[in-house]
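Here are my notes on this model, in the order I'd go through them at the screen. Have a look at the fold first, then at the points below.

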Amino acid sequence: MKTVPNNSWKNVSEIDLIYKTKIKNSQKPHVTSSQYAYSLIKDCWDPGKIEFLEQFKVLLLNQSNKVLGIYEASSGGITSTVVDVRLLFAAALKAGAAGLIIAHNHPSGNVLPSEQDKHITKKISMAGEVLDIKLLDHLIVTSEHYYSFADQGAL
């Protein structure tokens, strides 16, 4: 009896990328300043966590700097959180983002960037350059104020 080869390998899985939103483009917030980005991000932060544990969020923007969504990239401990840059950009690519504003909080209330903050900013900026997704700003937020890498010329 002759064995028939299994030809199922010929059926390659198809990947289909789709972005669905229930909000009209005209109703999406338009980011024009770090202060406005801070207010948008702060409104989406759990007030019980902003002074308790460190979290890292990403504001995904289209070509016109209109908000596509906010992605929580990580949630960590009292003094740090780990960001997987691959997952961050997977979310950005899936949303069709052209720009990013990254943000994380400092539960201590100190908004000055650490060396780790500077390092992750550079790493995300460089990865974005390769993918043509521009890092527009990195905000360090507290419940009362923020630090903007872009406003301080540190981007």
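1. Strands β1 (residues 55–61) and β3 (residues 99–105) run antiparallel and pair over six bridges. At one spot in this pairing, Leu61 sits opposite Gly99 of β3. Strands here are DSSP runs of E, at least two residues, and helices are runs of H or I, at least four, numbered from the N terminus; two strands pair if DSSP finds at least two bridges between them.

2. A word on provenance: this is a predicted model, with local features needing pLDDT of at least 70 and side-chain atom pairs pLDDT 80 or more, while totals for chains, interfaces and linings use all residues. Residues are numbered from 1 along each chain as its sequence is written, and side-chain values use heavy atoms, with hydrogens and water left out.

3. The whole sheet is open and mixed, with five strands ordered β2-β1-β3-β4-β5. β2 (67–75) and β5 (146–148) are the edges; each has a single partner strand, so one side of each lacks a neighbour in the sheet.

4. Helix α3 (residues 115–131) lies across β1, β3 and β4, at about 160 degrees to β4 (axes are lines fitted to C-alpha atoms, for helices over the stretch in contact; angles run from 0 to 180 degrees between N-to-C directions; contact means heavy atoms within 4.5 Å).

5. Worth a click: Asn105, in strand β3. Asn105 counts as buried because its relative accessibility is 0% (buried is under 20% relative accessible area, 1.4 Å probe, protein chains only). Its side chain reaches the backbone oxygen of Ile50 at 2.8 Å and that of Leu53 at 2.9 Å.

Technical notes. Buried < 20%, exposed > 50% of the residue type's maximum accessible area, 1.4 Å probe, protein only. Polar contact = N/O pair within 3.5 Å; in protein donor to acceptor, adjacent residues only side chain to side chain.
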